[in-house]
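Subject: Structure handover

Hello,

Here is the structure I promised to pass on. My notes follow below it.

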Amino acid sequence: MANIRQIAKEANVSVSTVSRVLNGHPYVSEEKRNAVEQVIKKHRYDRNINAVHLSTGKTFMVGVVVPFTNRPYFAALLEGMAEEAFQSRYKLVFIQTKYEESREVEALEMLKYRQVDALIICSRTCQLEVIEPYTQYGNIVLYEKTLHTKMSGTYVNHYAVFKQALTYLHAKGHDQIGYSIGRLEGTNSVQRATAYRDFLTEINQPYRSEYVFSHCFHFEDGVELIRQWSKLDVRPTALMLTSDQVASGAITAAREQGIQIGTELAVIGFDNQPISRIFQLTTVDMKLSEIGRKTFRQALAEEISQEEIEVKLIERGSA
């Protein structure tokens, strides 16, 4: 089979021109591109991907670390990344960790051994001190604020967003407000917990641990949340819930008990997933697809950067 040098000689172009044609580079004249493609077709040439990777020093793959791939929240992030990857002629490699630190370290080792060109961590388990040394092997991007590190970050100010939603509910007449979270130790969860405590102090309300519902990720968790809520002696009149999936489960369970959503119990979700329209759910649009696109662009960028995403409250009928 012909090699790249033979193709260049027969097409009367340079080896670098053949390489650009093979890699879909836009800056090749139509005449030269046609000449190269004709010779490739004549010899039925298939490029050696490993050789291309060795010559460029790139795999043209970006690793994406997610705890779960079957949740709408992460699916929306991945959708944005996939769109950017396609435009950049890159492929994504998904590493599902289930929040196991060892799996996250395996992803970092993939970067170290040049199995991927960069790494995007959507929700981390490892401490920053564990992750940051791997930046010597390639770009690492986190879905959080990463000031004073060698990593880029795209983030939402969860403290400010949570405070805004709490203020919205208070203005609607709610003093007793509960909320749900996924992980107690997550960066976003800590910001929300801080905002919640600060807000209660501002409105002179005591902190009640029973108003905080943890480990809420799925529709079924929202159903269970309402079961716990209904057993409380003094119930919150409003709930801010981890995601639209959890909120939808809570609304379904509450309605089955004859509770009027929006009047007897106000509910706010997060993410603005399609299910939120079905349930007429007031929610916070987290612009997850946009976050995915931005993190991918940061993964390929030469400079470290911080990108804050502005979100907004979508008012519907549940609060």
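The second largest pocket has a lining of 14 residues, and K58, D117, N139, A299 and L300 are the ones nearest its centre. Here a pocket is an open set of points on a 1 Å grid over the protein atoms alone, where a 1.4 Å probe fits, with protein on both sides within 12 Å along at least five of seven lines; lining residues have an atom within 4 Å of a point. Its volume is about 260 Å³, taken as the space filled by probe spheres set on the points. The lining splits into 7 nonpolar, 3 polar and 4 charged residues. Asp, Glu, Lys and Arg count as charged; Ala, Val, Leu, Ile, Met, Phe, Trp, Tyr, Cys and Pro as nonpolar; the others, Gly among them, as polar.

Two points on provenance. This is a predicted model: local features need pLDDT of at least 70 and side-chain atom pairs pLDDT 80 or more, while totals for chains, interfaces and linings use all residues. Numbering starts from 1 along each chain as its sequence is written, and side-chain values use heavy atoms, with hydrogens and water left out.

Now the sheet. An open, mixed sheet holds 6 strands in the order β7-β6-β8-β9-β10-β12. Strands (E, at least two residues) and helices (H or I, at least four) are DSSP runs, numbered from the N terminus; two strands pair if DSSP finds at least two bridges between them. β7 (212–213) and β12 (312–314) are the edges; each has a single partner strand, so one side of each lacks a neighbour in the sheet. β6 (177–180) and β8 (238–240) run parallel, joined by 3 bridges. I177 sits opposite A238 in β8.

Two helices pack on this sheet. α8 (158–171) touches β6, β8, β9 (266–270), β10 (282–285) and β12, and its direction makes about 160° with that of β9. α11 (244–256) touches β6, β9 and β10, at about 155° to β9. Contact means heavy atoms within 4.5 Å. Axes are lines fitted to C-alpha atoms, for helices over the stretch in contact; angles run from 0 to 180 degrees between N-to-C directions.

Q245 lies in α11. Its relative accessible area is 21%, so Q245 is partly exposed (buried is under 20%, exposed over 50%, partly exposed in between; 1.4 Å probe, protein chains only). Leaving out residues up to four places away in sequence, Q245 touches P72, F217, H218, F219 and I275. Q245 and P72 are 173 residues apart along the chain, yet their C-alpha atoms are separated by 8.2 Å.

Best wishes
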